[in-house]
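Work through the exercises below with the model open beside you, and try each task before reading its solution.

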Amino acid sequence: MTVAGYFFRGRRQLSLLAAEPGVERICKAVLYCGGALLLCAIPAGESPLPLGAAAVAASPFGWALAAALGAGAGYFLFWGAEAGPGFLWTAAALLLALGRRLTGEQRLGVPALCLGLLAG
């Protein structure tokens, strides 16, 4: 078999794997969780910013749970004893995502405004 044949076979297997719904869900969960975790590492001087919580508020509710898990882990991992406000921001953002889910509201204006007031 030639090198081009191996590349074609590998590309075909990857495209079949990407078409699986379970693999797509796992990849999305990892992206939401990892993205929120990394956003928690951004400092504002000596204190954390509510960017991980903003990722939770901006996510659809099913994925907001994964983002909240990542944000909680990120605030704990990067901020340790100073993670208390980050946990509160994440819980508030998760409640906002739940409220958005229950009311059917899909715009980001209200959650963004509430997180801005909370951060201030």
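**Exercise 1.** Is Trp89 buried or exposed?

*Solution.* In this predicted model, begin with the relative accessible area of Trp89, which is 10%. The cut-off for buried is under 20%, so Trp89 counts as buried.

**Exercise 2.** Find the aromatic pairs of the structure and classify each one by the angle between its planes.

*Solution.* A search of the whole structure gives two aromatic pairs. Next, locate the partners: Tyr32 belongs to helix α2 (residues 21–39) and Trp63 to helix α4 (residues 61–79), so the pair ties together parts that are 31 residues apart in sequence. Tyr32 is partly exposed at 29% relative accessibility, and Trp63 is partly exposed at 23%.

Now turn to Tyr75 and Trp89, with 6.2 Å from centre to centre and 65° between the planes; since an angle over 60 degrees counts as edge-to-face, that is the class of this pair. Tyr75 lies in helix α4 and Trp89 in helix α5 (residues 84–103), so distant parts of the chain, 14 residues apart, are linked. Tyr75 is buried, with a relative accessible area of 0%.

**Exercise 3.** Which residue forms a salt bridge with Lys28?

*Solution.* The search of the whole structure finds one salt bridge, and the partner of Lys28 is Glu24, with the closest N and O atoms 3.9 Å apart. Both residues are in helix α2, and because they are four residues apart, about one helical turn separates them. Lys28 is partly exposed at 36%, and Glu24 is partly exposed at 43%.

Technical notes. Residues are numbered from 1 along each chain as its sequence is written. This is a predicted model: local features need pLDDT of at least 70, side-chain atom pairs count only at pLDDT 80 or more; totals for chains, interfaces and linings use all residues. Side-chain values use heavy atoms; hydrogens and water are left out. Rings of Phe, Tyr and Trp (its six-membered ring) pair if their centres lie within 6.5 Å; planes under 30 degrees apart count as stacked, over 60 as edge-to-face and the rest as tilted. Helices (H or I, at least four residues) and strands (E, at least two) are DSSP runs, numbered from the N terminus. Buried means under 20% relative accessible area, exposed over 50%, partly exposed in between (1.4 Å probe, protein chains only). A salt bridge is a side-chain nitrogen of Lys or Arg within 4 Å of a carboxyl oxygen of Asp or Glu.
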